[in-house]
Amino acid sequence: MKVLVVGGGGREHALIRKIKESDKVDSIACCPGNGGISYDADCYNVSATDIDGVVKLAKEIKADFVVVAPDDPLVMGMVDALNKEGFKTFGPNAAAAIIEGSKVFSKNLMLKYGIPTAEYKVFDNPADVITYLKEKNEFPAVIKADGLALGKGVIIPETLEEAEAGVKEIMEDKIFGASGNNVVVEEFLTGPEVSVLAFTDGKCVRPMVSSMDHKRALDGDKGLNTGGMGTVSPNPYYTDEIAQECMEKIFIPTINAMNSEGRAFKGCLYFGLMLTPKGPKVIEYNCRFGDPETQVVLPRLKTDIMDIFEAINNETLSQLDIEWSNDSCACVIMASGGYPKSYPKGIEINGLCNGQLDGVTVYHAGTAVKDGKLLTSGGRVLGVTALGDNLESALEKAYGGVSQISFDGAHYRKDIGRKALNALK
């Protein structure tokens, strides 16, 4: 098979490395890819959101299967366009991808079908948001832009002043464009967070192993929200009992709800969960593999990923056994200086050979190759990832890898996995 992967970040690199293990695959193409991905796949300079361009490329290279990984093209309907031209795909169509494309849709879906989530209200006027928050006078609060915002469309103001500033940025200054036309204001939930990705063909749902993301830029969960500074798997807070409860109250009801709405979901559905004192609740849905959760989940997958993708495409997932290793996995993100705000690009990366390093796997998120040199080209640059018999050994290997890689201004959190280790004690 010839497989085309759409996207160009760390998640896509993790998918490509896993697809590369399949006996069914002869060659892998990626668009647009990145510097590190170019060592593992043929990269084509076609934007991940260029639907016509991707369809044209799939035809030109005679792709047997297309994996659409990022949220934007899924919400825009890339899978619909590829299916129309007869391509086998992995990823939901636009009707199903709205579960991430609109926070308002997903919150209303949960309310309608009794899926546990935070209490909320929807607003389209900034003044009304502030009036509501003044009346409630409960902080911290949670304010979410309705549409896609690169994983950064959520603010958690501690005071009314912070809320006013955040609402102005989202709804008036439009820092996320039209995604900020509506906002959802939610109650602030407390408890450990868990990320669970699940394979589904619209009928059967198969959760993957759990993971724990680290969203804040700085140690101790301080600093600005980012796309994720590191991950570990499994998440020690996600016990077998909680997994069973989530299956019964969240995972299956969500798939059934989408079917009832005529929006059958086929692909990877991401459940962002909060384990509250009142039980697990949904913080958010994503319509695709999470980033950087994919980087610690897929290394633990033992089953051929193309068997899974084909089973989902054929709606025969219930007939497939999916196996996972008992290893732990840790991923530490090395980011550009200044991230998640502005940062320089084009800085040479030292310590890697053909983009990799012995003893760990380096997933490239923001890199480019120019004149034979590997350079930074994004905010999150590398995801240094390692498997181990336990979490401690996985973290030790990952941080050992980080210590051998350098580029000017590089910053990374020194406490990835600490919360998980403390939970295991």
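Contact here means heavy atoms within 4.5 Å. The model on screen is predicted.

**Stop 1: Glu12.** Select Glu12, which lies in helix α1 (residues 10–20). Leaving aside residues up to four places away in sequence, Glu12 touches Val5, Val6, Gly7, Ile37, Ala69 and Pro70. Glu12 counts as buried because its relative accessibility is 2%, and buried means under 20%.

**Stop 2: α1 against α11.** To see the contact, show Leu15, Lys18 and Ile19 of α1 with Ile305, Met306 and Phe309 of α11. By class, this contact of α1 with α11 has 5 nonpolar residues, 1 charged residue and no polar ones.

**Stop 3: the largest cavity.** The structure holds 2 cavities of 30 Å³ or more. For the largest cavity, select Val67, Val68, Ala69, Leu74, Phe90, Gly91, Pro92, Cys268, Cys287, Arg288 and Phe289, which line it. The space inside the largest cavity is about 40 Å³. Its lining divides into 9 nonpolar, 1 polar and 1 charged residues.

**Stop 4: the second largest cavity.** Next select Lys103, Ser106, Lys107, Met110, Lys144, Glu186, Ile283, Glu284 and Tyr285, the lining of the second largest cavity. About 30 Å³ of space lies in this cavity. α6 (103–113) and β17 (279–286) each supply at least two residues of the lining, and α6 gives the most, with 4 residues. By class, the lining of the second largest cavity has 3 nonpolar, 1 polar and 5 charged residues.

Definitions and conventions:
Residues are numbered from 1 along each chain as its sequence is written. This is a predicted model: local features need pLDDT of at least 70, side-chain atom pairs count only at pLDDT 80 or more; totals for chains, interfaces and linings use all residues. Side-chain values use heavy atoms; hydrogens and water are left out. Buried means under 20% relative accessible area, exposed over 50%, partly exposed in between (1.4 Å probe, protein chains only). Ala, Val, Leu, Ile, Met, Phe, Trp, Tyr, Cys and Pro count as nonpolar, Asp, Glu, Lys and Arg as charged, and the others, Gly among them, as polar. On a 1 Å grid over the protein atoms alone, a cavity is a set of points where a 1.4 Å probe fits but cannot get out, and a pocket is an open set with protein on both sides within 12 Å along at least five of seven lines; lining residues have an atom within 4 Å of a point. Grid points are joined across faces, edges and corners, and a volume is the space filled by probe spheres set on the points.
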